[in-house]
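Please open the model in your viewer and keep the sequence panel beside it.

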Amino acid sequence: MKSLPLNQLYKACVLKDFPFKSTRQLEPLAEIVGQNRAQEAVRFALAMPHGGYNVYAVGRNGLGKRTMMLRYLEHHADSDHRSHDWCYVANFDEPRVPRVLKLPAGQGQALKQDMDRLMGRLMKVIPQTFDSDSFLERAEQLKSEYSKKQDDELEKIAAQARRKKVRLTVTTPGGYRLVAMNGDEPHTVESFEKLTDDQRARFEDAINRLEKKLRQALRKLAEWEQEYVDKQQALNEETLEGVAGHQLDELIHKYRDQPDVAAYLEAVRKDLSESLDIFLEDNDEQAAIAYASLDRKMPRRYQVNLLVNHRNTDVPVVVEDNPTYHNLFGYVENVTFKGTVFTDFSLIRPGSLHKANGGYLLMDAIKVLEQPFVWDGLKRALRSRAMHINSLEREVTLSGTVSLEPEPIPLDVKIVLFGDRETWMLLQEYDAEFAELFRVTADFENEMQRTPESQLLYSKFIASLVMEKKLLHCDQKAVARVIEHSARMAEHQDRLSLHAADIANLLRESDYWARQTGARMIRAAHVEQALASARHRSTRIRDQFYDSIRDGTTLVSTTGQRVGQVNALSVLSTGGFEFGLSNRITATCYYGDGDIIDIERDVKLGGNIHSKGIMILTSWLASHFARAEPMHLSASLTFEQNYGEVDGDSASLAELCALVSALSEIPVRQDLAITGSVNQFGEVQPIGGANEKIEGFFQTCRLMGAVATQGVILPHTNVQNLMLESDVLQAVRDGQFSIYAVKTAEEAISLLLDKPAGRPDGQGKYPRQTVFGAIQRRLEKMREQERHDHGSGHEKDPSLH
């Protein structure tokens, strides 16, 4: 069998497919390369006006999901969406329920500044106006009019009382007393007792009548006092209107297109006259609270809490990296004043949902699910299409702390969640609402087809990374080398990896090495150096395994022949770096009932897939050598020097060859290693990690001593996966290493045992000079012995054991 030619071991880029000298000549891509399916899903979801069409972006980390989404939104954000400013203001009728105002983008800041300016003016002008001579004169006139009427009325009662020898005295503010007089002095108890009955009766009668008149007079006084208060209030309102009215009218005219704002300004006009004390008194408490909450000293009652401020009309795109409950839904801050916790509407703070309202909110699904109460809160907001600001304390406790209940804000946002497939499947399975709220799945590809057209597109993708990361430009050969490495990452000659993060890291490291040498451009040698450096940083564990091979601790044979012993290949992974190792598989056989004992399975070191592979081998052997009569040979298989769990069926072809060698007693070539899976019909099936396995055995051969006949056997269907390292390619070019591709178990057996496997004739007999012929002769001899023993009753010949 011929070994594979060089062009099948590595698919190099054809430089004439690259019509440019460097990435400087390429136009960077606006989109992420190779994600047409995901892009179409995103376009559909974002264009859908109905609720529930939020996006779950599925794919491994590093595929550029977030970058693609941000770039797409930057270029294709729906112009029908309109961003708005949102403000909370005081609700003068119901202070616990602050009102929400919706304004066009940019006008929220204007309203806040207008109100700040207005209040700043009023803080100065109102005290001055109410302390002016004209106001004080009018107020004093009102007061003197009221006082005169009050005094006149009381004097009338007092005059009548004096004529009856009774005096009217003031006891407490608003309290009056009628006292019988004894000349100029009030009667004492003793002097009053000395009066005649007739005199006492006249005094009591006079006092009773005067009390009736006094009560009538006091009612008049109360009415006059209310009139005075009303007139004083009217004077205050008139004076206030003269100071603030025209300014409020200007604001109402300015915001006439916003009915809610105009209504709020009218409410401010009404409340100002009722809350004059705020402006007229030095309120230390107000100042202290303003200081505690980092606000300026101005009447908090009339502040505008600008919750969301958009400087322009662009559709908001918000990325929330830490989606805690407060960060997402907003919260109400508290300040401590004199040991008391205080809050008001000006301490309401926004969350990401508020900032993204009218646009798009991007989050990581795992982070959302990790935070307590966030997932339920998000679903509740999406269902109700409204944002309620509830304190988390009220969610988790039963305390009845007085807090605010701000008016909800209407929610109009598209949510994009980034996550892996496992999380997506769990949500689909266990959360019935998930499918209703996230109806669109953007499924990101891991790979794309490798064609001359796609390679050019990939080159533009590399150019966009270079521009975005501000790296040195790549020349033509450097781009080709990056694309070849991408094909190796994809483990396929005709595919390219779309793992943008890995490609970006390779370009960064290549840029570093280029700058170290003073180069003005990244060249292929710098890419090679970056790959070699990354490999060297990750190979400590691999080198320890190689040391154990070099010093003989790990038993490996790469020359000679041995019955029942095969070099299988496995792949080990150490935190992102994978490497291949040679594993010795041995098989022994003995007289029995045809069973194959899998030592790994019996000691519970074999996984389910490995055990399945062994059962398939048993089936293959029985179909070849026990169709008509039972096999009297049993066998045992094991991975030598293996002290951990074994799983997977990629060694089943090697195990089959070891069994066949043990059964036929024909030795196996130790200069060849083999990998592959096999089915019941002997067809060789593909495996993973083909490049790493070949390179692992190649390095093992170099450690043990290179021989020109050394090589690796792999499934024919894995040839398309080969993108081997340059040292392996050089050895193949020099005739020092060979790689063989097999389609059937018979081809692998012929190569490894250096003898034809054999084809049966019409009678089911295999030729004598073949491997299967040797097994068949041995089994027939044992069957004859079995028949002989049954006939004679003698014991079995121990030499056949």
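Helices (H or I, at least four residues) and strands (E, at least two) are DSSP runs, numbered from the N terminus. The model is a predicted one, in which local features need pLDDT of at least 70 and side-chain atom pairs count only at pLDDT 80 or more, while totals for chains, interfaces and linings use all residues. Residues are numbered from 1 along each chain as its sequence is written, and side-chain values use heavy atoms, with hydrogens and water left out.

Move on to helix α20, residues 524–538, whose 15 residues reach 21 Å between the first and last C-alpha, close to the 21 Å expected. Which residues of α20 are buried? They are His 526, Val 527, Ala 530, Leu 531 and Ser 533. Looking down the axis of α20, you will find these buried residues within an arc of 160 degrees, so they line one face of the helix; the arc is that of the directions from the helix axis to the C-beta atoms. On the other side of α20, Ala 525 and His 536 are exposed, whereas the cover over its buried residues includes α18 and α19 (500–516).

Within α20, centre the view on His 526, which counts as buried because its relative accessibility is 9%. Its side chain is joined to that of Thr 517 by a polar contact of 3.4 Å; a polar contact is a pair of N or O atoms within 3.5 Å, of which, within protein, one must be able to donate a hydrogen and the other to accept it, and residues adjacent in sequence count only if both atoms are side-chain atoms. Not counting residues up to four places away in sequence, His 526 touches Ser 510, Trp 513, Ala 514, Thr 517, Ala 519 and Met 521.

Another histidine to select is His 473, in the loop between α17 (452–469) and α18 (476–490). His 473 is buried, with a relative accessible area of 13%, and its side chain reaches the backbone nitrogen of Arg 24 at 3.2 Å. Leaving aside neighbours within four places in sequence, the contacts of His 473 are Thr 23, Arg 24, Val 466, Met 467, Met 521 and Ile 522.

Now turn to the aromatic rings. Rings of Phe, Tyr and Trp (its six-membered ring) pair if their centres lie within 6.5 Å, with planes under 30 degrees apart counted as stacked, over 60 as edge-to-face and the rest as tilted. By this rule the count comes to 18 aromatic pairs. Select Phe 18 and Phe 20: their ring centres are 5.8 Å apart and their planes lie at 85 degrees, so the pair is edge-to-face. Phe 18 is buried at 2% relative accessibility, and Phe 20 is buried at 5%. Phe 698 and Phe 737 also form an edge-to-face pair, 5.2 Å centre to centre and with 85 degrees between the planes. Because Phe 698 lies in helix α25 (residues 690–704) and Phe 737 in the loop between α26 (726–733) and β30 (738–742), the pair ties together parts that are 39 residues apart in sequence. Both Phe 698 and Phe 737 are buried.

Technical notes:
Buried means under 20% relative accessible area, exposed over 50%, partly exposed in between (1.4 Å probe, protein chains only). Contact means heavy atoms within 4.5 Å. The expected span of a helix is 1.5 Å times one less than its number of residues.
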